[in-house]
Amino acid sequence: MTRERQGSGVRLLLIFGILLCFAAVCWLALRAVEKTEETDELESETEAEEETEAEPEATAAAEIAYTEAVYVNDDGVEFQVEYGTSNSSEIDVSILSNPSVKNNVDLAAWVMMAWENQWGYVWGTYGKILTEEEYQSKLTQYPDGVGSYSMFILTHWLGHRTVDCVGLIKSYGWYDPDTGSIVYNTNDMPDVTTEGMYEAATVTGTIDTIPETVGLIVYRNKGHVGVYVGDGYVIEAIGTEGGVVRTAIDGREWTDWFECPYITYC
């Protein structure tokens, strides 16, 4: 009888031990699942934080593509302009879809490059880098137009590419992709004034009829031109203290548009 009771006690202890082991295994498995869930939650939170931090960076990158400012012209009229953010003087020929043929698409790409690289403005210039010698030449040629802004030109545009309003268009027309240089009065584009270019055009219209064609020239009867680049925007060399800027076509008092008579329109 005593042996039977002892055997029963041993069996109970074994059963109890087995139950304890089973409970311990279950508890460890449950903890492992909880830790996995906690790790997944932490990773998800970390990824969410990284995505949240990345979003402002992407937004900031988009915002620094250009800067905005209010510009006041010689007539005292205020309007908003956009400036590029690069100061490169390099000409990237890869932007041209057909370097061998002067065309409207490449004209638009060219003036966008000039805008992005913040080309300056000096009367009588056409895209070459402004040297001291070139500055003195233009000062002699245009004593008022250049001389009135001498200090600004010397402190802002010397050593940079510069144009005037029609010179922006000529800089593309006179660019030689084989040599990478801008050569005066070449490629069948004569050295004409804004009025001369407008009068030579055979395809024209009032500004309210402008088609959605990039590379069209916009004109106003005060002797100023710009290049339409699509989506309601114009690139123009606006003045000595403004340089090459992007503006909305509305509100700039453009009166007409025309096809540049010295290039091909696609």
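A polar contact is a pair of N or O atoms within 3.5 Å; within protein, one must be able to donate a hydrogen and the other to accept it, and residues adjacent in sequence count only if both atoms are side-chain atoms. I kept in mind that this is a predicted model, where local features need pLDDT of at least 70, side-chain atom pairs count only at pLDDT 80 or more, and totals for chains, interfaces and linings use all residues. Residues are numbered from 1 along each chain as its sequence is written, and side-chain values use heavy atoms, with hydrogens and water left out.

**Entry 1: helix H2.** I looked up H2, residues 104–116, taking helices as DSSP runs (H or I, at least four residues) and strands likewise (E, at least two), numbered from the N terminus. At its start, a side-chain oxygen of Asn103 comes to within 3.1 Å of the backbone nitrogen of Val105. After the helix I found Gln118, with a positive phi near 55°.

**Entry 2: the core.** I then turned to the largest nonpolar core, which has 45 residues; such a core is a set of buried (under 20% relative accessible area, 1.4 Å probe, protein chains only) Ala, Val, Leu, Ile, Met, Phe, Trp, Tyr and Cys residues joined through side-chain atoms within 4.5 Å. H2 gives the most to this core, with 7 residues, and Trp110, Ile169, Ile217 and Cys260 touch the most other members. Leaving aside neighbours within four places in sequence, I noted that Ile169 is in contact (heavy atoms within 4.5 Å) with residues including Leu107, Ile217 and Cys260.

Notes: Expected span 1.5 Å × (residues − 1). Buried < 20%, exposed > 50% of the residue type's maximum accessible area, 1.4 Å probe, protein only.
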